[in-house]
Amino acid sequence: MFYLNTKVMFGKDALQRSVPLLAGLGQRALLVTGKRSASASGALADLEPALTANGIQWHTFDEVSENPDLDTIMAGKERFLSANCDFVIGIGGGSPLDAAKAISMAAANDLKRSQLYSTEEFLRAHPIVAIPTTAGTGSEVTQYSVLNDNKRNIKAGWGHELAFPTLAIIDPRYTFSCSYHVTLNTAVDALSHLLEGLYSQSREPIIYPLIHKGIALIVQNLKTALQEPQNYAAREALALASMYGGMAIAQSSTSLQHSIGYPLTTTFDVPHGLANGIVMPQIMELFWDAAGDLVGDALGSFGYTRAEFLAWLESLNLNVEMTIDEQFIQDKVPEVMASRNMANNPLSVNAEDIAAIYRSLI
Ligand code: NAP
Ligand code: ZN
């Protein structure tokens, strides 16, 4: 089944073109952001007149840091309620967008901290507007929110139909200000989503043409975006690919590629996309027997072989300093095995497969 419940405005001046779509969403918005990216990207400066034009008031909650945790969501819920807001606008990378979704759910359903993953309690939502300033997560078109349970130190996502943003406003120029490493890591995240759209047991062939296009756009444009951060065509290509990746995982969900990366983020602070990227060749190898034909078709659509793709990936120099040891492996393999996404793997994966991938990073 293919399902996607988000209006998308894409391209230059997407926010200005969205002014009529913002009308009717509510009277008072909670702007959910990190500390810098909403203003550094230029999105906030574009948003304020668009809200004013509609007579919409706003209140800012700028306390979302990378990998948002449950305490932040509860603080956002309180702010939403005390400021009498009636919809949320997430501006930033995946972290503020995911936080905005969770705050909408928490406020609309009066959730306690312990209920933030209890999707059966999610009966209603306040409208959600998503304005991405990175090109990676595709969160602007997914029903997922990935949160860090900071008491248990476990990062995990939930998905609910009500969490599809009502409106996604994607202006690739908002990614001009992304640093070299944010650009690189987020593009690799999008690449993971596109590949997982092929790996997953719940893969959806309707989206394959966009997956093929998305992978090609990243391979053909990432290095230009890294070298020329203000190159609009390259940034547009990455923003499109990221959206296609989101559309893909909205159908197929993620799998081992993401489950194995989360402990690297919670333990060693490895940025999300990079955590996926450093295990991408190993996952491709593990899944090749089950999904190699589909990946081969995708790469072949722009004239690449698997070996050429892996050489390109290698040329990105995805490196990270961390000290994985046997204790980490012993602690984290059961966590990966227990994660929800594991049900989507294209073949059965056992604890030793996961341990072997972690050992390959030592
Ligand atoms: P992020 O955590 O939102 O942001 C990373 C860093 O980039 C932050 O320091 C942020 O600054 C900065 N930044 C963002 N946009 C910028 C811009 N235009 N200019 C300058 N700096 C900018 O990164 P992300 O990779 O986009 O999101 C990762 C999160 O999304 C993870 O928690 C991941 O698990 C989740 N995720 C969600 C989905 C989904 O479907 N919902 C899918 C994949 C991943 P500020 O702190 O100032 O904002
Ligand atoms: Zn991801």
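Where does the largest pocket lie relative to domain 1 (7-174) and domain 2 (180-359)? In this predicted model, both domains give residues to the lining of the largest pocket, so the pocket lies between them.

The volume of this largest pocket is about 1100 Å³. Its lining comprises 49 residues. Closest to the pocket centre are Glu66, Gly93, Gly94, Ser95 and Thr134. By residue class, the lining of the largest pocket holds 27 polar, 13 nonpolar and nine charged residues.

The second largest pocket has a volume of about 350 Å³. It is lined by 13 residues. Gly277, Ile278, Leu318, Asn319 and Leu361 are the closest to the centre of this second pocket. Two or more lining residues come from each of α12 (280-300) and α13 (306-315). Helix α13 supplies the largest share, three residues. In the lining of the second largest pocket, eight residues are nonpolar, four are polar and one is charged.

How values were computed:
Residues are numbered from 1 along each chain as its sequence is written. Chains are lettered from A and ligands numbered from 1 in the order in which they are written. This is a predicted model: local features need pLDDT of at least 70, side-chain atom pairs count only at pLDDT 80 or more; totals for chains, interfaces and linings use all residues. Side-chain values use heavy atoms; hydrogens and water are left out. On a 1 Å grid over the protein atoms alone, a cavity is a set of points where a 1.4 Å probe fits but cannot get out, and a pocket is an open set with protein on both sides within 12 Å along at least five of seven lines; lining residues have an atom within 4 Å of a point. Grid points are joined across faces, edges and corners, and a volume is the space filled by probe spheres set on the points. Ala, Val, Leu, Ile, Met, Phe, Trp, Tyr, Cys and Pro count as nonpolar, Asp, Glu, Lys and Arg as charged, and the others, Gly among them, as polar. Domain bounds come from an automatic or database domain assignment. Helices (H or I, at least four residues) and strands (E, at least two) are DSSP runs, numbered from the N terminus.
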